[in-house]
Every structure is written in C-alpha cells, then in structure tokens.
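The sequence and structure are shown first.

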There are 2 protein chains.
Amino acid sequence: MQVVYTIKDVHHTLRKIRRVGKTIGLVPTMGALHAGHGSLIEAAVKGCDYVVVTIFVNPTQFGPGEDLEKYPRMLETDTAFCKDLGVDLVFAPSADEMYPEEQLTWVEVEKLTEGLCGANRPRHFRGVTTVCVKLFNIIQPDIAYFGQKDAQQAAVIRRMVSDLNLPLQICICPIVREADGLAMSSRNQYLSSDERKRALCLYKSLKVCREKVTDGQRAANTLIDTIRDIIGQDQGQIDYISIVDPETLEPLKTVTDRALVALAVHIGPTRLIDNILIDLKNSSKIV
Amino acid sequence: MQVVYTIKDVHHTLRKIRRVGKTIGLVPTMGALHAGHGSLIEAAVKGCDYVVVTIFVNPTQFGPGEDLEKYPRMLETDTAFCKDLGVDLVFAPSADEMYPEEQLTWVEVEKLTEGLCGANRPRHFRGVTTVCVKLFNIIQPDIAYFGQKDAQQAAVIRRMVSDLNLPLQICICPIVREADGLAMSSRNQYLSSDERKRALCLYKSLKVCREKVTDGQRAANTLIDTIRDIIGQDQGQIDYISIVDPETLEPLKTVTDRALVALAVHIGPTRLIDNILIDLKNSSKIV
C-alpha cells in the first residue's frame, strides 16, 4: 500500500493503474477510521480492482464554532487500518494542497441541503459537495462509497452526481453499529462514559419508531412525538427529528411507502446523528 | 463526422476513442457558428487527435427577457461547417437531454462573476459554469477551447477548472474580427444595416484606448472616458466599460502591467461585447 500527500503523486500513481484498465474505487473519509469506514473499504475492495482511501479533514465543511480543531487526527493508525483491509493507495493531503488559493468555486445543491442537518449547518453541504467534486476529479474513480449513516449527505451526493453528469457510480453502504446499537462515528470518541450510555437513546428511539410503523402507525407527527419522548428521557438535546422522502428529503405527513427517519441530537457537547430507512412495500428493508 | 443527440451515444462513441488512447478536444458552442468558432475548431484539430463540437443553446445561462427564444438555431448549416473543418463528432442535445429533471446542483464562481457582464446578468455565469462542468463530465476532453471574445467567461472557466481540479486543460483563442474590425459574434445577425455600421464603435474605441496606452496614458478613468466619448458619438448605449486585471477581474485604477479593457454596449436592441488585452511588459501583445 502506498501513502501519498500530493495531487501530483496521485496522478502519477493512478495513470499507470488506469492505463492497464483497472477499475478504481474511492472511499473519501476524514480519517479516525472505524468499522463503518471499514465496511465501505470492504465493499470497495470487493467491487473494484484498485482502492483509494482519502483522509482529509475538510475545513470548508465545518462551520464557525464547530469541531474542526478537535476533530480526531490519527494518520498512522488510519493507514495501518487501511493496509489491513487491502487498500492500495491512501491520499492524505494538507489543507494547502487541496485549497492552494482562495476557493472561489463552489458546488451547491439546492433544496436537498436546506432541511435536516443543513438547517443548522448552513455551509456544511456546500463544503462537502465541493470537496467531493475535487476528490472525484483528482482520483477519477469508477465507484465512490459513502455511508447511509450520513443519509442527507448520501442523497445530496447522489443528486449532484446525476445533475452534473459526473462519470462515476455512487454506492451507499448500510450503517454499522456497535454491539449495543450506537451508530459508528468518529465523534463517538468525544463521549464520556455517562454520555456514551445516554447516546443509546438515538437508536433506541428509532427502533421504537420502527415497531410503531410495523404495528400500523403512519402519522409522522405521532412517530416524531414518540421519538422525542424517548430522547428526552435520556436528556438528549434534540437538533431535529424528521421523517422525509429518502430521495427528495421533503417532509412526509404520512408514511405511505419509503421514508427516512433521521435525527440529530446533542449528548452533552457532542452532536450525533442516526437514521433508519422504512420501506413498507418491502418490510424486511426497515433497517 | 458523426452527429449524435444523446449522452448515451456520446459515451458509446468516445469509449472506443479513449480506449485507443486518442486525445480529445472539445469546442463547446451554442451554434450559429462563425469564423470565431472556426478558429477554436482549427486549434482543436491541430492540438488533439479527435475533436468534439457541442451545439447547445443552454437555457440556464439566459436571464428573463434575454434572447433565448430568438437566439439563432441552424443545426444543418452548423454541422456542415464542422464537417468542413475536420470535426469528428457533433453533440447536439435537446434541453431535456441536458436537464432531464429540475437542476438542483449549480457550480458557482464567486467574485469573478460579480462585475462586468455578471453585474447585469446575475445568473448568467452560474448557467455557463454548470453546463460546462456537465459537458466536461460527458465528453471528458483533454483540452477544451474557448474564445477570448468572452473574456470574463474565459477567466471564470479557468478559475473553475483550477478550483475544482477538473482534469483538463483550457485553451483560450484570440478574438476573430470581420475585415472592418467588428468582433465575430452569433448576435451580429441581429443587427440592421445601420446598426451594423454603428457597431464598429466598440472596436474603434478599444483601438483608440490602445493608442492612448501606447502614448503613455495609464489612468483607467481617463481611458474609460475616451472610450465612452467614442461610443456616445455612435449612439451606443453603454452597459459597462471596465479596465480590470485579466485574471482576478478586479478593477484597476492604473494600467501598470497586464490589463483587460472590456465593454458591453447595446446597439439598438442588440447587446454586443468586445475587449482588448494590454501587456505593457510585452507591448506586441496588445491585441
């Protein structure tokens, strides 16, 4: 496995790979890799001839007062993790390498970025979409892998790829959870032992929501109230609880077919997100 | 020469071209081709193994009340023109092919799009940059060719390619003029015989500006006044006259090194643009 830090070195390495006709898989990450990232890498190793993992804590997707400075950075551990899983190339650029001059060009996705996480993180998705387009252009992968944990990001990226005719496929992989149900996240490291226990309320509330739907409840407001009550019991401070169309992200009043139940909750100072997908036509798909 | 109308057909044709390692040149146009486009095509034929011309009157770069409906469309004449010059592929998509659903994703370049033509055409450049990214992604050229006639567009596209790490080169070709100096433009077709004569004031004023600079005048305001007087004599209605840095497009008070003198003028109902580049370190380059 190779580790490179410059765009020039990426081009140099990948030119040879492309010339022999190998398919390239990309897993874009901000590092602090965990089993969630691991599942994306495994999917890439299975689906492509050559796998690139990018490790870049992208400053343009953090807002003022967010955790850019304290976001965990552990490049050596991360590269060892990648190597174990059969990654071929790690690209870990500096901020100066990715943004050598003032970034004047932004990729913006309207509507889909306005609700959910976008409502309280106004420039977050513009940073995500812009850095993804940059990474797609640098790596030129055949397939890029993202996690369903960031459900809104997944919908935004998919729409962007379609709207801009980007020449790659997007593969969205299911959420990976700890044994007790907490969704894997690099930000789980921030949790104290007490907060770690309280953080279980996110998935616990989503599981109860899923049961209510299975029992016939279809009214979004009622389902949201149920989730709110459970999270309140564990003193989580709710950013949002939303039931939306999984593609357009438009709020649903009634769950009739496919629905995304998504939430963001502060547990102490740490903001966590989680979600489930409901598919009434294929109830085994409530995951 | 092949003419195709769908993205699928472009992919099908270019897959074979790319597989044999040919370099691809792209000349994106809105049709109504003239000798200005011809010079771009000739540069592409000279510089690349395989040349694609796109002909697409892009609705998203026209504002309300602009000339989207009356913009000249003459596909047969245009394809014959391309064939004569040795083009390999013409891609002439419909608006539905390029925008099959509501376009939610936009590529925006800040600052460079705010002055000059951008001041009175607020969403114009967002339409241009977005359709260019789409065409770049569909065609995946090695080099794309644009004209210096649209000087602001050229600066915006160059910055966008750099900011987004787009994997292609941009080649900007000099303005092509009629024998009497009028810059070639598809919109010249709109001019009545009287307007056609009056339209000469654009280049006439720029030539006088160039002479004043050669004679030692460096103050942008004085140069702009000279241009304004000449255009006023021919009853042109001035949209803007600006002297700016050719890359950042920031207004200059004094011409010290490189400068772009750009203007937009209404001759009757037709809006025309023209510009000259000044390079004091290399005075032969005042073109």
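In this predicted model, helix 6 (residues 124-139) of chain B lies across strand 2, strand 3 and strand 6 of chain B. Helix 6 of chain B runs at about 150° to strand 2 of chain B.

**Sheet of chain B**
- An open sheet in chain B is formed by six strands with parallel pairing, in the order 1-4-3-2-6-7.
- Strand 1 (2-4) and strand 7 (169-173) of chain B each have a single partner strand, so one side of each is left without a neighbour in the sheet.
- On average, neighbouring strands of this sheet are turned by 25° against each other, direction ignored.
- Two bridges join strand 2 (residues 24-29) and strand 6 (residues 143-147) of chain B in the parallel sense; Leu26(B) has Ala144(B) as its bridge partner in strand 6.

**Helix 1 packing**
- Helix 1 (residues 7-19) of chain B packs on the sheet and touches strand 1, strand 2, strand 3 (50-55) and strand 4 (89-91) of chain B.
- The direction of helix 1 of chain B makes about 140° with that of strand 1 of chain B.

**Contact between chains A and B**
- Chain A contributes 23 residues to the contact, and chain B contributes 23 residues.
- On the side of chain A that touches chain B, the largest share, five residues, comes from strand 5 of chain A.
- The residues on that side of chain A comprise 12 nonpolar, five polar and six charged.
- Strand 5 of chain A pairs with strand 5 (residues 105-109) of chain B in the antiparallel sense over five bridges.
- Within strand 5 of chain B, Glu108(B) is the bridge partner of Trp106(A).

Definitions and conventions
Residues are numbered from 1 along each chain as its sequence is written. Chains are lettered from A and ligands numbered from 1 in the order in which they are written. This is a predicted model: local features need pLDDT of at least 70, side-chain atom pairs count only at pLDDT 80 or more; totals for chains, interfaces and linings use all residues. Two residues are in contact if their C-beta atoms, placed from the backbone, lie within 7 Å. Helices (H or I, at least four residues) and strands (E, at least two) are DSSP runs, numbered from the N terminus. Ala, Val, Leu, Ile, Met, Phe, Trp, Tyr, Cys and Pro count as nonpolar, Asp, Glu, Lys and Arg as charged, and the others, Gly among them, as polar. Two strands pair if DSSP finds at least two bridges between them. Axes are lines fitted to C-alpha atoms, for helices over the stretch in contact, and angles run from 0 to 180 degrees between N-to-C directions.
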